[in-house]
Amino acid sequence: ALQGKRGEESSRTGRGTIRVIHGRMASVPLALQLAQLVQLTAPIKGDLDFADVSWFLEGDRVVFERIVFESTLFNNAILQLIGEGEMKFSTTELNTRFRSRSGIALIRDIVGGLGDALYEIEVTGTLREPKARLVPPEKDAKGT
């Protein structure tokens, strides 16, 4: 759902969900393949083929409340990227961060939690030319 007055950027508001199932959105970036080694899994050279994104729009700012991307194999998520962030609507400039999960479902959250303390995956650039890199985790409001 979107609303606002034509020509008045500040009046734009909206909320929505995007879901992609069995689609080819992007190849798994090299930075993520390296991160998988930290999670004790072999790097996967697959495609991201599932997405579930919740977002809202205020003026020129799109806020992604929750983003989940997956690479699946035989209906199993062998790789998950879970994150949040923002995008400037007019330029599609991204400022997002993700945590990765890979491997067997029962242990991926345990091993992934350890990786969360070491790194996050920052995605900047634009939708057409995203740039991914490993960065230290951001501290929350409590400084942890």
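Trainee: Which residues are linked with R97 in a network of salt bridges?
Mentor: E120, E122 and R133 are linked with R97 in that network. A salt bridge here is a side-chain nitrogen of Lys or Arg within 4 Å of a carboxyl oxygen of Asp or Glu. This is a predicted model, where local features need pLDDT of at least 70, side-chain atom pairs count only at pLDDT 80 or more, and totals for chains, interfaces and linings use all residues. Residues are numbered from 1 along each chain as its sequence is written, and side-chain values use heavy atoms, with hydrogens and water left out.

Trainee: How far apart are the closest N and O atoms of E120 and R97?
Mentor: They are 2.8 Å apart. Strands (E, at least two residues) and helices (H or I, at least four) are DSSP runs, numbered from the N terminus.

Trainee: Is E120 buried or exposed?
Mentor: E120 is buried, with a relative accessible area of 11%. R97 counts as buried too, at 13%. Buried means under 20% relative accessible area, exposed over 50%, and partly exposed in between, with a 1.4 Å probe and protein chains only.

Trainee: How many salt bridges does the structure hold?
Mentor: Ten. One of them joins R15 and E65, with the closest N and O atoms 2.7 Å apart. That pair links distant parts of the chain, with R15 in strand 2 (residues 13–27) and E65 in strand 4, 50 residues apart. R15 is partly exposed at 46%, and E65 is partly exposed at 39%.

Trainee: Switching to the core: which residues have the most contacts inside the largest one?
Mentor: W55, V62, F64, F98 and I121, in a nonpolar core of 15 residues. Such a core is a set of buried Ala, Val, Leu, Ile, Met, Phe, Trp, Tyr and Cys residues joined through side-chain atoms within 4.5 Å. Strand 3 gives the largest share, four residues.

Trainee: What does F98 touch?
Mentor: Not counting residues up to four places away in sequence, F98 touches I67, F69, L81, I82, G83, E120, I121 and V123. Contact means heavy atoms within 4.5 Å. E120, from the salt-bridge network, is therefore also a neighbour of F98 by the contact definition.

Trainee: And the overall layout, what pattern does the protein follow?
Mentor: Along the sequence it reads β-β-α-β-β-β-β-α-β-β, which comes to two helices and eight strands. Buried residues make up 39% of the 144 residues.
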